[in-house]
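Welcome, and take a moment to turn the model around before you read on.

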Amino acid sequence: METLLQLFGLTESAQLLSLSEPGWGANLLRGLANSLQIALGAFGFGLVIGLFGACGKLYGGPVTRDLLAIYTTVVRAVPELVLILILFFVGTDLINKASEALGGGPVEISGVAAGIWVLGIVQGAYSTEILRGAIQAVPPGQIEAARSFGMSPTLIMRRVTIPAMMSFAVPGLANLWLIATKDTALLAVVGFSELTLETRQAASSTRAYFTFFLAAGFLYLMVTLLSGVVFKYVENWARKGQPKLRGAG
Amino acid sequence: MKLKNVLVSGLAAAALMAGTAGAMELKIGVAAEPYPPFSSPNSSGEWEGWEIEIMDAVCAAAELDCVLTPVAWDGIIPSLTGKQIDVIMSSMSITEERQKTIDFSDPYYNTPAVIVADKSLDVEPTPESLAGKIVGVQASTIHQTYAQQYFTDSEIRVYQTQDEANQDVFSGRIDATQADSIAMADFVESETGAACCEIKGSVAHDEAILGSGVGAGIRKGDDDIREAINKGIAAIKEDGTYDEITAKYFSVDISG
Amino acid sequence: MMEAIRPFLVPHRIILFLIFVGIVIWAAVSLRWDWLPEYALLALEALWRTIWLLAASVVLGFLLAIPLGIAQAIGPWYLAWPAKVFCTIIRGTPLLLQIWLLYYGLGSLFPTIDGIRETWMWPYLRQAWPYAVLALTLSFAGYEGEIMRGAFSGVARGQLEAARSFGMPPFTMFRRIWLPQAIRNVLPTLGGETILQLKATPLVATITVVEIFAVSSRVRQDTFIVYEPLLLLALVYMMIAGVIAFAFRKFEQRIPSRVSRN
């Protein structure tokens, strides 16, 4: 191993990236853990918003529908970086004001929670659209059949609509998850210690910009590729019992 | 990780509160971008540097329960006014412009602003000499304001961190950078800095822009916090802790 | 004209619109806008730079995406494989990281290259915008290359066979039949991709390019006013996105939408 590293002149890089003391590898991994934590939280929070949003857009009243249309249009037209800055400052401001109005002191908001809130709002707009499309793609006959059996609307939702729409929603949601993992990098600009910021700190402290940015890129790529494998399984599972798509891929 | 720290220290504070009522819990905002030798994270993820040690000493002397909170430098004043942090201790100079928005404690260090440039470049730290050159500065600093005010004939590039500006002097993309003399002394002694650059001298002083030293930023109206920090600064200057910490890092007196 | 307005003449929309007008008036009166005149000129220049960056990277990126798409759709493995790896890497890592890798990573290598400061390239290498254009172009090519792969595969085989049986040389076949149809296939997604690219442009502010986001940051830093510049910035981006969506819709309408299949 060592001779191999020497052969490629990588001894120094390996030292910088090592997990133990003088190396910064542990910092990168800690950053990665933070990134994944925020991405998972934001993705989940976004899904919740998306589910309500999609139902609101499909079955809600005209006002709900217009408000949701404004939400999804604005979020999808404004750069994430700008939204993150606005939501970051507005969000903490609002929470503090609310807590003061209720007679409490300033609230402790951890970086992870703020990151989840900010990215979750952004993700919510996209998942609203994805889930709405997926629900609409469920053949109406299936829902009519369920209704004619006398199923209640919630039962239809649980037994028919959600399972049937899963196969339509999974590819879009897989893509959204990848966007979530990559968007956590933007939080570096507001100072969250996620992977990109840890990388930047390590790079500027050691001046080994190439080494650290490449290493971080590799970590992100691994997350993407592994997620791809997982989502393939999920997709196959969601498609269970459905005819194969013609000319898939 | 950070959440746990905050929780643990919060619990500890709550536990202490019963006994030693009065330990004020403060979140001290530090720029998340490394600013050696004042504050930078080391490879085990802990913050270290002169300012971090001073912060600990001040907090201990003033019996404050301080939690270090990294914040983007670029948004550090909005974070203070938005109550995400309670105090800024991040080499922030006391200037009239900033005093319109926030209050400051007594200054705890004061160093001149210098110009650093490539060794082969023959420049003086004056607007005339730097005319036509590219000068890099860190965003939201007194140096940015100064450069934009005085170096009107130079191209000004604004960086997110001083380290990135230094890196671009090293790579040759910019001709010079203006920053704090201590931070620059540290840079020109570093491996990369020594290879490329040298300090060309300090710029002409302008009190209105460059301010009167570095102090801790405090929200307007939080007078009890300011009092406590001032007490802490006075105490560590008195009992020699300040000089002790300074001697560990610098060979000169920076108390101004 | 009336036809276009009618859907908005429903009571709840009028109320929503009035609320919106109220918010705008409130924003104009009670928020601080006194900084605007001072930065207006800088903002316009920067806005132009944003649009220029967007246009350059979309056009160059699209040109690069065509060979990437072809290589993946029909190329031999030694072309298809690198193209696929390129697209995967671009799509699998954050753009911010790519930008920093290109700018600071390459920059850190300059001092090790002898004589680089004497070459004709040096004045360009010192500027920040070439890295911004390069990073944005590669990113757009990576995403669009994947879409172009599908678009090239989507052109009906029969048409290509017909062209071949007429004795059309391969390049003419590509230029007359394959490329136009592939482009028509991607056209509906191109508007959306361009808006996504617009949303990526503010990232280059982190490598000292002064585009519209950088100006809003500067206002924030100079004056400590937080919300106003950001809100105005959001509005500017929404307007640009609106113009892009509108332009692509008009453009799409001018292209025959369906040729008969088979």
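**Chain A**

The model you are looking at is predicted. Read from the N terminus, its elements run α-α-α-α-α-α-α-α-α-α. Along the principal axes, the C-alpha atoms of chain A fill a box of roughly 70 × 55 × 30 Å. Chain A has 249 residues, and 40% of them count as buried. Among the contacts in chain A with a separation of 6 or more, 73% join residues 24 or more positions apart.

**Two pairs of packed helices**

Two packed helices are described by the angle between their axes and the distance between the axes.

| Helix pair | Angle | Axis distance |
|---|---|---|
| α9 (195-206) and α10 (209-238) of chain A | about 160° | 8 Å |
| α3 (36-74) and α7 (129-153) of chain C | about 40° | 6 Å |

How do the helices of each pair lie relative to each other? In chain C, the angle of about 40° makes α3(C) oblique to α7(C). The crossing of α3(C) and α7(C) is right-handed. Sorted by class, their contact has 19 nonpolar, 7 polar and 2 charged residues.

In chain A, α9(A) and α10(A) are roughly antiparallel, because angles over 145 degrees count as such. Here, too, the crossing is described: α9(A) passes α10(A) in a right-handed one. By class, the contact of α9(A) with α10(A) has 8 nonpolar and 2 polar residues, with no charged residues.

**Where the chains meet**

Chain C touches both of the other chains. Where it meets chain A, 28 residues of chain C are in contact with 30 residues of chain A. On the chain C side, the elements that give two or more residues are α2 (11-30), α4 (77-92), α5 (95-107), α9 (170-200) and α11 (227-254) of chain C. That side divides into 20 nonpolar, 6 polar and 2 charged residues.

The contact between chain B and chain C takes 18 residues from chain B and 13 residues from chain C. On the chain B side, two or more residues each come from α3 (76-81), β9 (155-159) and α7 (162-171) of chain B. Which element gives the largest share of this side? It is α7(B), with 5 residues. By class, the side of chain B that touches chain C has 7 nonpolar, 6 polar and 5 charged residues.

**The two domains of chain B**

Chain B is divided into domain 1 (2-109 + 213-249) and domain 2 (113-210). Taken over C-alpha atoms, the centres of domain 1 of chain B and domain 2 of chain B are separated by 27 Å. Their contact takes 12 residues from domain 1 of chain B and 13 residues from domain 2 of chain B. The side that belongs to domain 1 of chain B has 6 nonpolar, 3 polar and 3 charged residues.

**Local details in chain B**

Most residues other than glycine have a negative phi, and most peptide bonds are trans. With that in mind, some spots in chain B are worth a visit. The peptide bond from Pro36(B) to Pro37(B) is cis, with omega near 0°. Pro37(B) lies in the loop between β1 (24-31) and β2 (40-41) of chain B.

Further along, Lys83(B) is not a glycine, yet it has a positive phi of about 65°. Lys83(B) sits in the loop between α3 and β5 (87-88) of chain B. Is Lys83(B) buried or exposed? Lys83(B) counts as buried, because it has 20 C-beta neighbours inside 10 Å.

Ser91(B), also a residue other than glycine, has a positive phi near 50°. The loop between β5 and α4 (96-99) of chain B holds Ser91(B), and this residue is buried, with 23 other C-beta atoms within 10 Å.

The last stop is Arg98(B), which lies in helix α4 of chain B. Arg98(B) has 20 other C-beta atoms within 10 Å and is therefore buried. Arg98(B) and Gly217(B) are 119 residues apart in sequence, while their C-alpha atoms are 9.1 Å apart in space.

How values were computed: Residues numbered from 1 in each chain as written. Chains lettered and ligands numbered in written order. Predicted model: local features only at pLDDT ≥ 70, side-chain atom pairs only at ≥ 80, totals over all residues. Contact = placed C-beta atoms within 7 Å. Helix = DSSP H or I, 4+ residues; strand = E, 2+ residues; numbered from the N terminus. Nonpolar A, V, L, I, M, F, W, Y, C, P; charged D, E, K, R; others polar. Domains from an automatic or database assignment. Axes fitted to C-alpha atoms, helices over the stretch in contact; angles between N-to-C directions. Parallel < 35°, antiparallel > 145°, perpendicular 65-115°, else oblique. Left-handed = near helix turned anticlockwise from the far one by under 90°. Buried ≥ 20, exposed ≤ 12 C-beta atoms within 10 Å, placed from the backbone.
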